Amino acid sequence: MLALVAPLASLAGQSRVDVDVQLLLAVDSSGSVNFREFELQAVGIASSLRDPEVIEAVERWTPNGVAVSVVHWSGRSQQLVAVDWTRVGDRTSLQALAARV
């Protein structure tokens with residue numbers, strides 16, 4: 001969980017990016033999850049990122065934006081960064097992130 005508190009140096013190649021919130025979304029991709037359940041997780045995340053209330057909250061309450069990363073995890077040493085740290089701050093960037101999920 002160090003990624004949640006570490007400075008975000010990987011955003012757009014910048015040395016440091018200040019954001020109001022760092023959000024790591026962990027998606028279960030273990031053997032106990034079938035394709036339908038995995039897809040349900042991804043669709044749910046994408047839908048949430050497109051939700052008008054979420055968009056309004058990000059635009060209103062996070063003037064420096066939100067850094068979001070999506071990780072697929074399957075076990076203690078089996079993780080895959082599906083979406084590297086991405087800064088979002090408005091409807092356009094949230095919708096672009098939703099399309100990547």
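Student: Which residue of β3 is the bridge partner of A67?

Tutor: In β3, A67 has R87 as its bridge partner. Two strands pair if DSSP finds at least two bridges between them. Before going on, note that this is a predicted model, in which local features need pLDDT of at least 70 and side-chain atom pairs count only at pLDDT 80 or more, while totals for chains, interfaces and linings use all residues. Residues are numbered from 1 along each chain as its sequence is written, and side-chain values use heavy atoms, with hydrogens and water left out.

Student: How many helices and strands does the protein chain have?

Tutor: The protein chain has three helices and three strands. Helices (H or I, at least four residues) and strands (E, at least two) are DSSP runs, numbered from the N terminus. Starting at the N terminus, the order of elements is β-α-α-β-β-α.

Student: In what sense do β2 and β3 pair, parallel or antiparallel?

Tutor: The general idea is that strands of a sheet pair through backbone hydrogen bonds, either parallel or antiparallel. Here β2 and β3 are antiparallel, with eight bridges.

Student: What is A26 in contact with?

Tutor: Contact means heavy atoms within 4.5 Å. A26 belongs to strand β1. Leaving aside neighbours within four places in sequence, A26 is in contact with V71 and W73. A separate value is the distance between C-alpha atoms: for A26 and S74, 48 residues apart along the chain, it is 9.9 Å.

Student: How many residues does α1 have, and what span is expected?

Tutor: The expected span of a helix is 1.5 Å times one less than its number of residues. α1 has 16 residues and reaches 23 Å from its first C-alpha to its last, close to the expected 22 Å.

Student: Which residues of α1 are buried?

Tutor: Buried means under 20% relative accessible area, exposed over 50%, and partly exposed in between (1.4 Å probe, protein chains only). In α1 the buried residues are A42, I45, A46 and L49. They cover an arc of only 95° around the axis, which puts them on the same side of α1. The arc is that of the directions from the helix axis to the C-beta atoms. R36 and L40 are exposed, on the face of α1 turned away from the buried side. The buried residues of α1 pack against β1, α2 and α3.

Student: Which residues of α3 are buried?

Tutor: In helix α3 (residues 91–100) they are S93, L94, L97 and A98. Seen down the axis of α3, these fall within an arc of 140°, so they line one face of the helix. T92 and A99 are exposed on the other side of α3. The buried residues of α3 pack against α1, α2 (52–61), β2 and β3.

Student: Why does S93 count as buried?

Tutor: S93 counts as buried because its relative accessibility is 19%. Not counting residues up to four places away in sequence, S93 touches R87 and V88.

Student: How much of the protein chain is buried?

Tutor: Of the 101 residues in the protein chain, 31% are buried.
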